[in-house]
Amino acid sequence: MIPRSPLPRALLTLFVLITAAHLIVQLTGPESWSRPTQALLMPVLAAFVLAAVPRPRGRFTGLVLIALFFSWLGDTAPALASGDAAFLVMVGFFLVAQVVYVIAFWPWRANSPLYRNRTLLVPYGVVVAGLVSLCAPGVGALLVPVLVYGLLLGAMAILAVGVHRWTAVGGALFLLSDGLIALRAFTPDFDLPASGFWVMATYTAAQAFIVLGGLARVPEEPPLTEGTPA
């Protein structure tokens, strides 16, 4: 749901412009602009959420903002480390973000066709299992954290289907984006041209679709002081 108010629309437009600038940097450089533009993405999207959702804000909105915060840490904190440590920092913060999204989406699980027809879960299971099997030979000591992250990512994408169709698209794109990261990191034969561009294009679209779909559910949520949405 795209709000009609001027401020949220302006912030959403700003997010799109920063995303476009970041993707251009991914394709053409200079590399020194990559991290600054990436660091701006989630704060602007969070500001959009704050502008779009009036007070009192409920549990769902609060959880989405927390997930965006940990996603921002996943975007920025790896710059403070290197090698495997940087990768683990990124995975750790995004793992927390996925946990928060799972908690946020859980109350609407019964709305999902996946909940009513479990055979529809098969494609998600195939994708997660396929990614794990392709990456496992190159993961080494990181197998357990990568496996845990993959399971949480799959759970988030599945639960997103029950929230809104846009959130379902966002969950699927998040799965695709992180799948590309895993293949690039752990599969030596994987060679996708301009892989950084595709990772960030799917990641930013994923977060935007999750947020926009989530806004459609905001009217259903009670204030934080009144408990959990049904």
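Tutor: Before we start on this predicted model, one term: two residues are in contact when heavy atoms of theirs lie within 4.5 Å. With that in hand, what covers the buried residues of helix 6 includes helix 5 (113–116), helix 7 (143–160) and helix 8 (165–186).

Student: Which residues of helix 6 are called buried?

Tutor: Tyr124, Val128, Leu131, Cys135 and Val139. The label takes a relative accessible area under 20%.

Student: How do you know what span to expect for helix 6?

Tutor: You take 1.5 Å times one less than the number of residues. Helix 6 covers residues 122–139, which is 18 residues, and the expected span is 26 Å. From first C-alpha to last, helix 6 reaches 25 Å, close to that value.

Student: What makes Ser133 stand out in helix 6?

Tutor: There's a kink of about 30° at Ser133, shortly before the proline Pro137. That angle is the one between axes fitted to the seven residues ending there and the seven starting there.

Student: And what follows helix 6?

Tutor: Gly140, with a positive phi near 65°.

Student: Let's move to Ser112. Why is Ser112 called buried?

Tutor: Because the cut-off is under 20% relative accessible area, and Ser112 has 3%. So Ser112 counts as buried. As for its place, Ser112 is in the loop between helix 4 (83–105) and helix 5.

Student: What is Ser112 in contact with, leaving aside its neighbours within four places in sequence?

Tutor: Ile158, Val161 and Gly162.

Student: What makes the pair of Ser112 and Leu114 a polar contact?

Tutor: Distance is one part: the limit for a pair of N or O atoms is 3.5 Å. Here a polar atom of the Ser112 side chain lies 3.0 Å from the backbone nitrogen of Leu114, which is within that limit.

Student: Now the whole chain. How do you know that its radius of gyration agrees with a compact globule?

Tutor: For 230 residues, the globule rule gives a value near 17 Å, and the chain has 17 Å, so the two agree. Along the principal axes, the C-alpha atoms fill a box of roughly 50 × 45 × 25 Å.

Student: How many helices and strands does the chain have?

Tutor: Nine helices and zero strands.

Student: What share of the residues is buried, and what share of the contacts between residues at least 6 apart joins residues at least 24 apart?

Tutor: Buried residues are 47% of the 230. Of those contacts, 75% join residues at least 24 apart in sequence.

Student: And what does the accessible surface come to?

Tutor: About 11,200 Å², with 71% of it belonging to carbon and sulfur atoms.

How values were computed:
Residues are numbered from 1 along each chain as its sequence is written. This is a predicted model: local features need pLDDT of at least 70, side-chain atom pairs count only at pLDDT 80 or more; totals for chains, interfaces and linings use all residues. Side-chain values use heavy atoms; hydrogens and water are left out. Helices (H or I, at least four residues) and strands (E, at least two) are DSSP runs, numbered from the N terminus. Buried means under 20% relative accessible area, exposed over 50%, partly exposed in between (1.4 Å probe, protein chains only). A polar contact is a pair of N or O atoms within 3.5 Å; within protein, one must be able to donate a hydrogen and the other to accept it, and residues adjacent in sequence count only if both atoms are side-chain atoms. The radius of gyration is taken over C-alpha atoms; the globule rule is 2.2 Å times the number of residues to the power 0.38. Accessible areas come from the Shrake-Rupley method with a 1.4 Å probe; for residues, only the protein chains shown count as cover.
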